[in-house]
Amino acid sequence: MLVKLAWRNVFRQKRRTILPLLTMTGGFFLSSISIGWMDGSYSSIIMFFTNNRTGQIQVHHRGYLENPSIYSTVNDYQAVGALLDSIPGVRVWTPRIYSGVLLAVRPQGAGSGNVFSNSAAASVIGIDPAMEEAATCFSSRIESGEMLSSSAADTFYAATGQIILGRELSIILDASVGDSLVMLSQAADGSSADRMYVIRGIISSGNADIDRNTCYITLSDAQILFALQGKVHEITVMTRSLGTVDKLTDEISAGLVDKDLETDSWKIFAREFYNGMKADESSLKIMIFVIVLVAAMGVLNTILMMVLERRREFGVMKALGTRPGFIIKMIVLEANIMGIISVIAGSILSTAGLLFLSKHGLVMDPPLDYGGTVFREMIASITPECYWIPAICVIITASTVSFLPALKAAHTKAAKALRTI
Amino acid sequence: MTDNDVIVAEGIVKTYDDSGVPVHAVRDIDYTLQKGEFTAIIGPSGSGKTTFLNVLAGLDTPTEGKVWLSGKLISDMSGRELSDFRRDHIGFIFQAYNLFPVLTVEENVEYVMLLQGVPSGERHDRVMDILEKVGIAEYAGRLPMQLSGGQQQRVAVARSMVSRPSLVIADEPTANLDSKTSGALLDMMRRLNEETGMTFLFSTHDEVVMQRARKIVVLQDGKIDGKASPEEC
């Protein structure tokens, strides 16, 4: 009888019911789209950021992240690579060497003398061209010139040395493809590390801050230059899915033979970026809270109105011997029935909206600059969170805001209520 | 107080506060209602009929005085006990029918038995039995809005009696009905009173009702102004 009464009461005045239904459905829809949108955006940003450069997992010598010394190396990176190759969740990996250098450029046609026009301090990254290409699609970001090559057949660059400059760095140095430059640094054995290179390409990674002070040489060149034969500073790991990163990090860490190595996820080595994401998530929570609050106010208002309109009916129920608990349960159930209908309607609408946004996305005009990384399009993702979080919010809201009016109705004074028209 | 007394009221006073002005709705009434009575409380509008009935039924608390219902002192009961007592011992018929609009005739009549926890099969049998008696069994599946005023009041009568209460209280049961329907309803109520022995107490200022009452209590300005038989009115 309780369910029957509640169900029929919900539909007895359709116009009155439509208002809270629309409010709750709207709240569900907005929350769901916001979550899907933010999840999709975060995933896009994180995947873009990590796939473009850092990877989702990195293996270093213990302490390298805090103190990136040239001596803190992964000594047998091939063994680590073999471990990574055996883990199904790892899509690809690539080794890297990092060091700080001083660059001075000698423009084409400047003759054979030591005529250097501009100089700048920079970071050099030694990369394996083929593995880097597989990991980060490095060549797709080369603006002019071409990709580094490890091929022995490439005799010209084998002789001259080859380097790729970040776009902003090339502007600072006033250098272009074909120019020569000299790189000065210190090798791991204490000797002077210097060599001439010909600029083979200019890259625009999408992050101007990085491109302002970064250049790239081949891993083999870097190992020779810095006296790090067979060693690297970092192994960058690309996973198949963002959701498995934490599990894979633990798996890799457990599989490492060399206990001087450590494995970290992007949440650690890109801590600032991760914290930025978390801060954005907080703003999403605030937004959902505001949406829920607005919906709650609307529902509360309608249920209060409904209780006031049915005061006489509650008086009759009380007169007939209905206990207050029955009336409370009936009203809370009515609100929850409306909540469940809203969740169903909201789910259908949200699915349609999320499907559209996940397929077509929104073009950012102007593009969104997130920590120097530029995003031109954002797409939504459809996750279970898009449904269960708004659903729980709607049901809790319905139960909470209906309780006070229900209490009021349950304590209606029968004699007084029966006098009302 | 005897075993035959359904209601015993002593020194009942009910005073309302109307924006700081005390309104004396009921003034020092002593009253006893006995089993099987079919009594009408009559009086002009504002004489305190409804207030008096509400106090007797435990829907309102008296400012002064005591009320015993079937031997139990109302003021000694908690809200829950009083609620359960009303459910089990008093049937109500209201002026405006007050049926639940979302429930069918059968479900409306069944409602109180459901609160009492009567088993489903027994509920159905008793509902159909009382609907037969009040002559609206054929409308069992209809909603109240699909019935005439007289039919709705018959449903209300059925609802008030189906739980087999010791007392049925009716506040102006015919106020919204024409005289022919009123007469028919009262005849039916009186017949049920005779058949079941159930006690009926109702307020009215309707001549048709007065003529059918076996006892009449006259209320004037919140006080009992006399008791009479219908012929004396």
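Predicted model: local features only at pLDDT ≥ 70, side-chain atom pairs only at ≥ 80, totals over all residues.
Residues are numbered from 1 along each chain as its sequence is written, and chains are lettered from A and ligands numbered from 1 in the order in which they are written.

**View 1. Overall dimensions of chain A.** Chain A holds 15 helices and twelve strands, where helices (H or I, at least four residues) and strands (E, at least two) are DSSP runs numbered from the N terminus. Along the principal axes, the C-alpha atoms of chain A fill a box of roughly 110 × 45 × 30 Å. The radius of gyration of chain A is 32 Å, whereas a compact globule of 421 residues would have one near 22 Å; the radius is taken over C-alpha atoms, and the globule rule is 2.2 Å times the number of residues to the power 0.38.

**View 2. Packing of helices α1 and α13 of chain A.** Helix α1 (residues 2-12) of chain A packs against helix α13 (residues 324-360) of chain A at an angle of about 50°, with the axes 9 Å apart; axes are lines fitted to C-alpha atoms, for helices over the stretch in contact, and angles run from 0 to 180 degrees between N-to-C directions. The two helices, α1(A) and α13(A), are therefore oblique to each other, given that angles under 35 degrees count as roughly parallel, over 145 as roughly antiparallel, 65 to 115 as roughly perpendicular and the rest as oblique. The contact (C-beta atoms, placed from the backbone, within 7 Å) involves residues including A:L2, A:L5 and A:W7 of α1(A) and A:F326, A:L333 and A:I337 of α13(A). By class, the residues of this contact divide into eleven nonpolar, one polar and two charged, with Ala, Val, Leu, Ile, Met, Phe, Trp, Tyr, Cys and Pro counted as nonpolar, Asp, Glu, Lys and Arg as charged, and the others, Gly among them, as polar.

**View 3. Packing of helices α2 and α11 of chain A.** Helix α2 (residues 14-54) and helix α11 (residues 271-309) of chain A pack at an angle of about 175°, with their axes 8 Å apart, and α2(A) and α11(A) are therefore roughly antiparallel to each other. Their contact has 18 nonpolar, seven polar and one charged residues.

**View 4. The contact between chains A and B.** On chain B, 18 residues are in contact with 15 residues of chain A. Helices α2 (79-89) and α3 (105-116) of chain B each supply at least two residues of the side that touches chain A, and α2(B) gives the most, with five residues. That side of chain B has ten nonpolar, three polar and five charged residues.

**View 5. The open sheet of chain B.** Four strands of chain B form an open sheet in the order β2-β1-β4-β5, with antiparallel pairing; two strands pair if DSSP finds at least two bridges between them. The edge strands, each pairing on one side only, are β2 (21-34) and β5 (72-73) of chain B. Strand β1 (residues 5-18) and strand β4 (residues 64-69) of chain B pair over five bridges, and B:E10 stands opposite B:K66 in β4(B).

**View 6. The hairpin of β1 and β2 in chain B.** Strands β1(B) and β2(B) pair in the antiparallel sense over ten bridges, with B:T32 in β2(B) as the bridge partner of B:V8. Two residues lie between the strands of this hairpin, in which B:S19 takes a positive phi near 50°.

Methods: Contact = placed C-beta atoms within 7 Å.
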